Amino acid sequence: MIHPWLADTWQRLVGLGGRLPHALLFVGPEGLGKRDLADTLAARLLCSAPAVDGHACGHCVPCQLRLSGNHPDLLPIVPEADAAPESEGGEGGEGGEGGSGKKKSSQIRIEQIRDLQETLSVTGHQSSRRVIVVDPAEAMNAFTANALLKLLEEPPEGCIFLLVSSAPRRLLPTIRSRCQQWSFSRPADDVVAQWLLGPDAPPADLLALTGGMPLAAQRLAKSGSDALLRRFVKDIAALPAGDPLKLAGQWESWLKSKEALAAGFGMPQLVEWIQRWVTDLASLRLGGRVRFFPGEDGVIAALAQRTSVAAVTNCYNELARIRRVVQHPLNARLMLEDMLLRYARAVTGTRR
Amino acid sequence: MSYQVLARKWRPKSFATLVGQEHVVRALSHALATGRLHHAWLFTGTRGVGKTTISRILAKALNCETGVTPEPCNQCAACQAIDADRFPDYVEMDAASNRGVEDMAALLDKAVYAPVQGRYKVYMIDEVHMLTGHAFNAMLKTLEEPPEHVKFILATTDPQKIPVTVLSRCLQFNLKQMPPGHIVEHLSRILAAEAIPCETPALRHLAKAANGSMRDALSLLDQAIAHGSGKIEEEQVTHMLGTVGDDHLYAVLDALAAADVAALLAVADRMEARSLSFDAALQALASLLHRVALAQFAPAAIADEAERQRVSPYTELFDAEFLQLAYQIAIHGRDELPLAPDDYAGFTMTLLRLHAFRPDQPPALGSPAAAGGGGGVARSLPPAAPRPAAAPRPAPGNASAQPAQPAAAAPTAAVTPATSAVPASVPEPPARAPAAEPVQRPAPAAPSAAAEARPEPSNSVPPWEDLPPEAFAGQSAEPAALRSEPPGEAAPPPAAARPAPAAPASGGDGDGDAAADFAAGNWHGLIRRLGLGGLVREFAQHCEWLGFADGVIDLRLSNAHRHLLDMNPGVVERIQDQLASLYGAPLRLRTAVGAIEGETPAQRDEADRRARHAEAVAALESDPFVRELIERFDATLVEASVKPL
Ligand SMILES: [Zn+2]
Ligand SMILES: [Zn+2]
């Protein structure tokens, strides 16, 4: 489907008609619907009778194949971890602990590209058209990316590559240079305001928390994160008066609680939220504005009064460093304590 | 039927239509016309400069039914088959996806048979640097004694990764990046042929953005045609390129000078509305700050007149120290962008920091220092207000040309200064932001100081990442640092400048003396004593010692390596000089070219090396853990680290 903020882009893509190049690269922050755009375009390209607005008809044979997930000429190249059907989340809960088999790769592996080469070396099934969706393109390491270069430059007749990336800087320049690049950024306020009135729209505070990325906000809303957010705000706002070590303990159990697990709320996300909180604080202290927690601007302004520029920028830097290692914390409790102590130090003056 | 992109549609089919590589075309044409054909060529150069294109033309030149010619007919069956990629004797192998020794062996096995249709079997191995060490070794044997009917064309964007033993057997051509003028011309020609109207300035923007790569230029042109629905207009192109226009950057400087936070943030909003890259913006901002600093130091260093005029007022607004600090904040901000909550936040935080650490009183706004009306001279002196000791301070003289080297830098981080230390050690600027507070000296630096001192891993930047030219400062302090060579894309150094990895032996073993080596004709030992590097050493290694009498040393260069002499005629003299100083008396070096009768040092080394390497590899490969690594990851990494001895 095409989200309202991508409507113009869609028009332009459809308008290209026969001039559509064989390799497109969609770049922009996460949560905008780049992949949806790629999928919708793929559907259009495979459909034998697209509608006037450019969308796939949904009825023809190729469309039915695609809708049943069996179109042989639609070739998604995604990391194993993303491709895996959500089968494990249901019961195991903690899942990973015992190591019930190998962890799914979050990389696109070179074998996937070799298989693709093989597949593409024989002609297509339904028509001469084949669509390859690579998402996220930065999941290809240098070897994998290099292996794709040749295909990307001179693909077999009828092949179209759609690459999706939210970290284009991590792509090989040789990959970028073979694609036509389309960039996206935060949708305009008026378009999103309209969308927020519709069904399925997330609450405004979740939208703000994601920095204005509608789909990211929608995902949070669907997972029930608004309750989590309320608790987070309550806890962190009360901290200057409280005990950071105690809060670390409470948060550690919080991360293991049923509602956190159900929402997929883990350490990375918690660290991200603290980082966003501190970003608002630092930004306000330095003369900027509150962006992620607009509902709490009063609290943040009061905190900003208590901190110094040096302390708050320092704290901002520390959180960036913590974020670097958050995927592999040695010890969750220690990480929380460390983080909250640093934060408390920043907002309670310099005495400690 | 999908649209054929311009880069493909307009791939040149003859040397005459190839743009921008005249030096290579001339050399190849001459060789083809005179029939002096080398058996292996290596084309190096960054992406999109024509490596594959030249290779295909060369394949046609060798196989055209009209005879070996610099001007293949493009009509005969052979020419057409090569263009259509169905010529049985022209094989393009992509080393990136066929890296292993089996792939190479499969290819070489077929090489021994005579061509099916053409005169020569031509093997084009693209991205050859991706081959594993085993694969290189397999190829080496064939490169040494190739069958008459086989020609190799190797191509790479990364010649540093190719073993010297392979390099030395190839005639190397360095393809140049296209100058923007060439690109503009070429694009105009194509647009004319495609009957697409265009505004010429738009093409200049495209050419600039293409960074010397014709393929990039053509991709961008495609994109511009798509965006402009059939015509090319300047405004549309700048919008499409997302070029962070200078206007945005100067707006940042203006807002900083005016201490106008709202204006500063408005720049970020305008950029976001146009989907411009904050990453590119920080890079461009750092570069602009650098140019302002340079203009302050030596206005003439800004070659472009228009730019000099535009930059000039800013030299009055900021002092040298702030410019340097600001440069570092911008660079650091860019490095940390992936760790920020999002790019917008990372960018605005960087702007806010610039604001927080701007000089309290810009000289032009009435500081006593500026009252004297001094131009650039006064500026390079430390300003009257005491600055914190830890703030990077330009060394007198050339420092403003290399802000990447903070004078006070810890040895840990030269390129990415641990700027996080900066905020901690710079005294707080006057609290003009929301809160009026009891002014506190920033003590909080203490607890984190230990952490700051650690070298930042700073590896969020991938190895191929472009660094701004300033990041390479230190090579030269003069305007050279300003040259518009696209960062990170600079042409690789000429082969001769590259030290051979094996070189450093340098005869340091010390035992025995040189005179004995001269007397015994121990050429192998003498080479080690000379400590030669790169292709000079390669040359020496491929000579055999014939004799030393009456002050004349006679060497014979192996036939197969005659090109080492052709490429570098001064080589004999260089070795002669070094031999003379080692000998302690004048002597003359004479080289002939011919078939080797005994053994050259290269052959001996190679035999030794193979034996030892085979042992080491065999030992390692039997290790199950290593086997797993080789299969799953990068076999070159593993093998290259196998060091016998
Ligand atoms: Zn359909
Ligand atoms: Zn011909």
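How many helices and strands does chain B have? Chain B has 29 helices and eight strands, where helices (H or I, at least four residues) and strands (E, at least two) are DSSP runs numbered from the N terminus. The structure is a predicted model, in which local features need pLDDT of at least 70, side-chain atom pairs count only at pLDDT 80 or more, and totals for chains, interfaces and linings use all residues. Residues are numbered from 1 along each chain as its sequence is written, while chains are lettered from A and ligands numbered from 1 in the order in which they are written.

The model scores ipTM 0.88 and pTM 0.64. Confidence per residue is given as pLDDT, the predictor's own estimate on a scale from 0 to 100. For chain A the mean pLDDT is 87, with 92% of residues at 70 or more. In residues 86–101 of chain A the pLDDT is below 50, and this stretch has two contacts in the model beyond near neighbours in sequence; two residues are in contact if their C-beta atoms, placed from the backbone, lie within 7 Å. Chain B averages a pLDDT of 74, and 70% of its residues score at least 70. Residues 361–510 of chain B have pLDDT below 50, with 232 contacts in the model beyond near neighbours in sequence. Residues 626–645 of chain B also have pLDDT below 50, and for this stretch the corresponding number of contacts is 26.

The secondary structure of chain A comprises 17 helices and five strands. Of its 352 residues, 44% count as buried, the criterion being 20 or more other C-beta atoms within 10 Å of the residue's own, with C-beta atoms placed from the backbone; 12 or fewer make a residue exposed, and values in between partly exposed. In chain B, 42% of the 645 residues count as buried. Of the contacts in chain A with a separation of 6 or more, 73% are between residues 24 or more positions apart. In chain B, 73% of the contacts between residues at least 6 apart in sequence join residues at least 24 apart.

Two helix pairs of chain B are described here. The axes of H5 (residues 101–111) and H6 (residues 133–144) of chain B come within 8 Å and cross at roughly 15°, axes being lines fitted to C-alpha atoms, for helices over the stretch in contact, with angles from 0 to 180 degrees between N-to-C directions. H5(B) is therefore roughly parallel to H6(B); angles under 35 degrees count as roughly parallel, over 145 as roughly antiparallel, 65 to 115 as roughly perpendicular and the rest as oblique. The crossing of H5(B) and H6(B) is right-handed, a term used if the near helix is turned clockwise from the far one by less than a right angle, and left-handed if anticlockwise. Residues B:Val101, B:Asp103, B:Met104, B:Ala105, B:Leu108 and B:Ala111 of H5(B) meet B:His134, B:Ala135, B:Ala138, B:Met139 and B:Thr142 of H6(B). This contact has eight nonpolar, two polar and one charged residue, with Ala, Val, Leu, Ile, Met, Phe, Trp, Tyr, Cys and Pro counted as nonpolar, Asp, Glu, Lys and Arg as charged, and the others, Gly among them, as polar.

In the second pair, the axes of H14 (residues 278–297) and H17 (residues 343–356) of chain B come within 9 Å and cross at roughly 25°, so H14(B) and H17(B) are roughly parallel to each other. Their crossing is left-handed. B:Phe347 lies in helix H17 of chain B and counts as buried, with 25 C-beta neighbours inside 10 Å. Not counting residues up to four places away in sequence, B:Phe347 touches B:Ala268, B:Phe278, B:Ala281 and B:Leu282.

Some backbone features lie in loops. Most residues other than glycine have a negative phi, and most peptide bonds are trans. A cis peptide bond joins A:Asp135 and A:Pro136, with omega about -10°; A:Pro136 is in the loop between strand S3 (130–134) and helix H6 (142–153) of chain A. B:Glu127, in the loop between strand S3 (121–126) and H6 of chain B, has a positive phi near 50° and is buried, with 24 C-beta neighbours inside 10 Å. B:Asn211 has a positive phi of about 55°, lies in the loop between helix H9 (200–210) and H10 of chain B, and is buried, with 24 other C-beta atoms within 10 Å.
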